[in-house]
Amino acid sequence: MEPIQEVHVAEPGQLVVDVAVADDATALKFQEALAGMWATSTAQHTTRDAGQPGVRLRCYLDLRQHPDA
């Protein structure tokens with residue numbers, strides 16, 4: 001994954017979430033659960049690291065914004 005950029009955590013309440021799980025479906029389901037609670041920049045796909053088990057997903061959250069707002 002690429003390094004975290006300063007803009008993604010520039011203010012309190014902004015988070016970068018890196019998830020490592022067994023499969024794509026689990027990663028995307030977790031992201032969906034986060035998006036139901038907070039404003040979330042969703043990823044469209046997961047990544048795989050050569051020689052490592054499972055998949056990775058990165059998403060960005062803003063705890064200051066509820067998705068229904």
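I start with a pair of side chains: Arg58 and Asp18 are joined by a polar contact of 2.6 Å. A polar contact here is a pair of N or O atoms within 3.5 Å; within protein, one must be able to donate a hydrogen and the other to accept it, and residues adjacent in sequence count only if both atoms are side-chain atoms. Arg58 lies in strand S3, and Arg58 counts as buried because its relative accessible area is 15%. The cut-offs are these: buried means under 20% relative accessible area, exposed over 50%, and partly exposed in between, with a 1.4 Å probe and protein chains only.

Before going on, some housekeeping. This is a predicted model, in which local features need pLDDT of at least 70 and side-chain atom pairs count only at pLDDT 80 or more, while totals for chains, interfaces and linings use all residues. Residues are numbered from 1 along each chain as its sequence is written, and side-chain values use heavy atoms, with hydrogens and water left out.

Now the layout. Helices (H or I, at least four residues) and strands (E, at least two) are DSSP runs, numbered from the N terminus. Of the 69 residues of the chain, 23% count as buried.

How do the strands pair? S1 and S3 are antiparallel and share eight bridges. Two strands are said to pair if DSSP finds at least two bridges between them. Val21 is placed opposite Val55 in S3. S2 and S3 also run antiparallel, joined by three bridges, and Ser41 has Tyr60 in S3 as its bridge partner. S3 is mostly covered, with six of its eight residues buried.

Next, the helix. H1 has twelve residues, and at 1.5 Å a residue they should span 16 Å; the end C-alpha atoms are 16 Å apart, which agrees. The expected span is 1.5 Å times one less than the number of residues. At the start of H1, a side-chain oxygen of Asp23 comes to within 3.1 Å of the backbone nitrogen of Ala25.

Which residues of H1 are buried? They are Ala27, Gln31 and Leu34. Seen down the axis of H1, its buried residues fall within an arc of 55°, so they line one face of the helix. That arc is taken from the directions from the helix axis to the C-beta atoms. On the other side of H1, Ala25, Lys29 and Glu32 are exposed. The buried residues of H1 pack against S1, strand S2 (39-41) and S3.

Gln31 deserves a slide of its own. Gln31 is buried, because its relative accessible area is 5%. Leaving aside neighbours within four places in sequence, Gln31 is in contact with Ser41, Thr42, Ala43, Leu57 and Cys59. Contact means heavy atoms within 4.5 Å. Gln31 and Leu57 are 26 residues apart along the chain, with their C-alpha atoms separated by 8.5 Å.

Further along H1 is Ala35. Ala35 counts as partly exposed because its relative accessibility is 26%. Ala35 and His66 are 31 residues apart in sequence and 9.0 Å apart in space, C-alpha to C-alpha.

Now the core. In soluble globular proteins, nonpolar side chains tend to be buried together. A nonpolar core is a set of buried Ala, Val, Leu, Ile, Met, Phe, Trp, Tyr and Cys residues joined through side-chain atoms within 4.5 Å. What makes up the largest nonpolar core here? Its ten residues are Val17, Val19, Val21, Ala27, Leu34, Ala43, Val55, Leu57, Cys59 and Leu61. Two or more residues each come from strand S1 (14-21), helix H1 (24-35) and strand S3 (55-62), and the largest share, four residues, is from S3. As for Leu61, not counting residues up to four places away in sequence, the residues Leu61 touches include Leu15, Val17, Leu34 and Trp38.

I end with Asp62, also found in strand S3. Asp62 is buried, because its relative accessible area is 10%. The side chain of Asp62 makes a polar contact of 3.1 Å with the side chain of Gln65. Leaving aside neighbours within four places in sequence, Asp62 is in contact with Gly13, Trp38 and Ala39.
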